[in-house]
Amino acid sequence: MKLLHLDSSILGGNSASRQLSAAVVDQLAKATPGLDIVYRDLAAEPLSHLSGELFAARQGAVPESPAIQKDIAASQAVLDEFLDADVVVIGAPMYNFGIPSQLKAWIDRIAVAGKTFRYSAAGPEGLVGNKRVIIAISRGGLYGPGMPTAAFEHVESYLRGVFGFIGVTDLEIVVAEGLAIGPEQRAQTMQGALKTVSQLRAATQLRAA
């Protein structure tokens, strides 16, 4: 059983999403003996943005620049990590209403036609439906359903769309929001989110029908 752990916050030890994603991994590791964990810090070691040359190479074009070979190798390594993982845990803070650009760069490396999705006469088809994905989201304000700012929420909605597109049906979201309102709100929110994390099922357990 393999778990891929990703963090994308730029805040280091002050990051709520990092605290939550670490708690998720710790919970799963305790409940799943022998869990093989791979960690990637997308903020500390960011991937480059998707380039036209890399995109062309995906389509079979011969790379013209030697420098792109390193990018191709990095992209393949990221894709292989994702495809090999049974469980993926992602720390995803909200920055300016969306995901960090570092996380977007990673998504651009794993959303690959013919690898994680394909187009057919019936429309797009996801190819990685056998994965469990757990996303720990942190938000400074209140963006949940019914909130005045709900229309500005483009983290959970985007990630649900992306992973649904590539076939992930076992998707779990842990949200801590209102973190910037004040210390009391932050503490209360984190306590609730960590309680949710403590109730996650083991990595080897299947979702109940």
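Which residues in H4 meet Tyr 158, Leu 159, Val 162 and Phe 163 in H5? They are Leu 103, Lys 104, Trp 106 and Ile 107, where meeting, or contact, means heavy atoms within 4.5 Å.

A quick word on the ground rules. You're looking at a predicted model, in which local features need pLDDT of at least 70 and side-chain atom pairs count only at pLDDT 80 or more, while totals for chains, interfaces and linings use all residues. Residues are numbered from 1 along each chain as its sequence is written, and side-chain values use heavy atoms, with hydrogens and water left out. Helices (H or I, at least four residues) and strands (E, at least two) are DSSP runs, numbered from the N terminus.

**How the helices pack**

Two packed helices are described by the angle between their axes and the distance between the axes. The axes are lines fitted to C-alpha atoms, for helices over the stretch in contact, and angles run from 0 to 180 degrees between N-to-C directions.

| Pair | Angle | Axis distance |
|---|---|---|
| H4 and H5 | about 10° | 12 Å |
| H3 and H4 | roughly 85° | within 8 Å |

So H4 is roughly parallel to H5, whereas H3 and H4 are roughly perpendicular to each other. (Angles under 35 degrees count as roughly parallel, over 145 as roughly antiparallel, 65 to 115 as roughly perpendicular and the rest as oblique.) On the H3 side, Asp 71, Ser 75, Val 78, Leu 79 and Phe 82 touch Trp 106, Arg 109 and Ile 110 of H4. That contact has five nonpolar, one polar and two charged residues.

**A closer look at H3**

Ile 68, Asp 71, Ser 75, Val 78, Leu 79 and Phe 82 are buried in H3, meaning under 20% relative accessible area with a 1.4 Å probe, protein chains only (exposed is over 50%, partly exposed in between). These buried residues line one face of the helix, because they fall within an arc of 95° seen down its axis. Their cover includes strand S1 (2–7), helix H2 (52–58) and helix H4 (101–110).

**Gly 167**

Gly 167 sits in the loop between H5 and strand S7 (170–177). It counts as buried, at 15% relative accessibility.

Notes: The arc is that of the directions from the helix axis to the C-beta atoms. Ala, Val, Leu, Ile, Met, Phe, Trp, Tyr, Cys and Pro count as nonpolar, Asp, Glu, Lys and Arg as charged, and the others, Gly among them, as polar.
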